[in-house]
Each structure stands twice: as C-alpha cells, then as structure tokens.
Amino acid sequence: MEQSILFLAGSILMGLGALGAAVGIGILGAKFIEGAARQPELIPMLRTQMFIVMGLVDAVPMIAVGISMYILFAVAG
Amino acid sequence: MASGELTSGAYIKHHLQNLTYGKFPDGHWGFANDALEAKEMGFMAFHVDTLFFSFVLGALFLFLFAMAAKRASIEAPRGFQNFLESIIDFIDENVRGSFSGKNPMVAPLALTTFIWIVLMNTMDLVPVDWLPSLAGAMGIHFLKVVPTTDPNATFGMSIGIFLLILYYSVKEKGLGGFVGELTLHPFGKWMLPFNLFLEGVNLLAKPVSLALRLFGNMYAGEMIFILIALLPFWIQWSLSLPWAIFHILIVLLQAFIFMTLVIVYMDMAHQKEH
C-alpha cells in the first residue's frame with residue numbers, strides 16, 4: 001500500500017513538473033520566433049537570452065525528474 | 001552493475017553515498033563505513049571525494065590556463081591558446097553586456113566560476129562505474145565522482161558569492177545605503193517591516209536558488225546515468241549515448257547560467273540609484 005502511494009507520488013511529481021515547464025517553454029519559444037520574425041537582425045541576442053531563460057525554466061522539471069526517479073527506484077524499488 | 005546480488009535500490013543508494021570523514025558519536029574521527037554512520041556524524045563531517053575532485057579540477061583549471069599564458073605568443077598563437085582566448089573573449093563580452101559598474105574582479109570571478117563548474121559538471125560524462133570501481137579496488141568503498149551533485153559543493157560556491165554580494169553592496173553604497181535599499185524600497189518608509197521582509201526574502205533567495213538549481217540539474221542527470229547503468233551491459237549505449245549528448249548541453253548551460261547570474265547579482269550590488 002505504501003509502495004503504491006510512493007509510485008503515485010513519483011509519477012505525479014514528474015508529470016506536474018513537466019506540465020508547467022512545457023507550457024512555459026512553449027510560450028518562450030513562440031515569443032522567440034515572433035521576435036525573430038519581427039526583427040531578424042536581433043536573432044543572436046535573442047537566442048542567448050532565450051537560452052538563459054530556458055535554462056532557468058528547465059531547471060525545475062529536471063530537478064523534479066531527478067527526485068521522482070529517486071523516489072521510484074531507490075525508495076520504493 | 002557492481003555485483004549480482006545487489007538490488008537496484010541498494011545500487012542507487014550506494015552510488016549516491018559520499019565518502020565521508022567525520023567525528024563519530026563516541027568522539028573519535030574516521031571514515032564512515034555505511035550511510036547510517038555517515039548520517040550519525042551530523043555536521044562534523046567532510047565529504048572527502050567532493051573536496052578531492054573539486055580541488056583537483058580547480059588545480060587543473062589553474063594549471064592549464066597558467067601554461068597557456070606562459071607559452072602565449074602574439075606572432076604564432078597555437079590551437080590551445082586560441083581556444084582559451086575564445087573562452088575569455090566570450091566571458092568578457094558577457095561581463096561587458098550585463099555589468100555596468102567598475103570592478104576589475106568581476107570578469108575573473110565569472111571566468112573562474114564558469115570554467116570550474118564546467119569541469120566539475122563534465123565529470124558527469126565519465127561512465128558512472130569506472131572511478132567508483134577503481135576506488136573500490138583500492139579499498140575505498142564509497143565514491144561520488146561529480147562534485148556538483150553534492151549540495152555542499154554548490155552551496156559552498158553560492159555562499160561565497162553571497163558574501164561577495166554583501167561585501168560589495170556595503171562597499172559601493174555604504175552601510176546606510178544598503179540598509180536603506182533593504183528597508184525603504186518598494187513601498188516607502190511607512191511600510192518598513194513589510195519592505196524588509198520582501199527584500200530580505202529576495203536577498204536570501206539568491207544563494208539558495210543558485211545552489212539548488214545547479215545541484216538539482218546535476219543530481220537529476222547523474223540519477224538517470226545511474227538508472228541506465230542498471231540495464232544489461234550490451235544495451236546501455238543505446239540510452240546512455242543520447243543522454244550523454246543531451247547532457248553536454250545541460251553541463252554547459254548550467255555553468256553559463258550560474259556565471260550569468262553571478263554577473264547580474266554583482267551588477268545589482270554595484271547599482272547606487274536607490
């Protein structure tokens with residue numbers, strides 16, 4: 001019983017983290033393409049900024065994946 | 001896998017256990033033999049593997065750069081010199097872009113954090129069982145190879161950065177200016193406790209988020225490499241190769257973000273307008 005709760009916790013952790021970051025990175029990419037289409041000469045600058053923000057956004061789900069993997073395989077498994 | 005009778009949970013936990021040297025509850029000092037003993041040591045414990053690898057990589061960084069600087073030539077720059085010059089140019093450009101104050105220390109600080117973190121993160125790309133089993137053959141039972149998967153290392157760096165932020169804030173703005181920035185900023189002087197709370201959280205969140213972001217990314221990456229290492233030997237390359245290639249991006253990106261945020265925080269510490 002406790003083990004099945006742990007499995008559920010791990011998968012919810014992974015899924016919700018991925019959900020938020022997917023929406024965030026989707027909006028980020030859309031805005032980047034919009035900006036690039038409007039002012040193509042700014043693409044190098046925009047790309048750097050986009051990667052910085054992507055790294056910031058990407059950190060949260062990666063951490064969630066790591067912790068949920070730990071729960072799924074080391075604590076529950 | 002190290003041996004047949006290990007369960008996957010024990011294998012993962014074994015890989016995530018640092019080599020700990022510390023004070024036992026009965027008072028003598030020594031190496032912990034398992035995770036429970038390491039936990040009982042509490043605060044008085046050193047993660048010898050983290051310290052060892054971070055010092056070795058820091059020394060490697062200094063040695064490589066010193067060697068290139070000694071051999072540098074203007075007439076005929078060779079490959080390695082060009083490579084290091086391109087790194088230095090890249091960092092210089094970043095510092096010029098986002099740092100507006102006057103401080104000759106920020107660019108070397110950014111270079112050090114960037115190269116050091118890249119080197120420490122790159123240890124993640126060494127296959128997870130090589131160095132631990134080598135150490136096991138020499139009689140060392142626990143070894144965690146990547147220093148940045150240990151929160152002690154990342155918090156050490158970010159607390160160092162935090163002290164620098166405090167030092168330069170006080171130096172540039174004066175103690176009064178810094179306290180004023182913390183207490184009077186968003187809502188004027190009649191809301192002083194609220195301002196102090198907001199700005200205090202803002203200030204304390206800097207080192208915590210800096211450290212946890214780097215630690216979390218590297219920990220998650222290492223975790224997935226360890227899980228891949230649980231597969232049968234002949235199939236591992238099919239997962240670990242794509243993940244390693246993707247991980248190169250994370251390794252460089254996280255080092256770059258750490259460096260950028262250090263520059264931005266130092267810039268905020270040098271701004272005097274409030």
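**Group meeting: a sheet, a helix and a contact**

I start with chain B, where three strands make an open antiparallel sheet in the order β2-β1-β3. This is a predicted model, in which local features need pLDDT of at least 70, side-chain atom pairs count only at pLDDT 80 or more, and totals for chains, interfaces and linings use all residues. Residues are numbered from 1 along each chain as its sequence is written, with chains lettered from A and ligands numbered from 1 in the order in which they are written.

Some terms. Helices (H or I, at least four residues) and strands (E, at least two) are DSSP runs, numbered from the N terminus. Strands pair if DSSP finds at least two bridges between them.

Three bridges connect β1 (residues 20–23) of chain B to β2(B), and B:G22 sits opposite B:G30.

Now chain A. Helix α1 (residues 2–38) of chain A has 37 residues and spans 54 Å from first C-alpha to last, close to the 54 Å expected; the expected span is 1.5 Å times one less than the number of residues. Which residues of α1(A) are buried? They are A:G10, A:L13 and A:A21, buried meaning that 20 or more other C-beta atoms, placed from the backbone, lie within 10 Å of a residue's own. These pack against α2 (43–75) of chain A.

Last, the contact between chains (C-beta atoms, placed from the backbone, within 7 Å). Chain B gives 16 residues and chain A gives 14 residues. On the chain B side, the largest share, eight residues, comes from α8(B).

Key
Buried ≥ 20, exposed ≤ 12 C-beta atoms within 10 Å, placed from the backbone. Contact = placed C-beta atoms within 7 Å.
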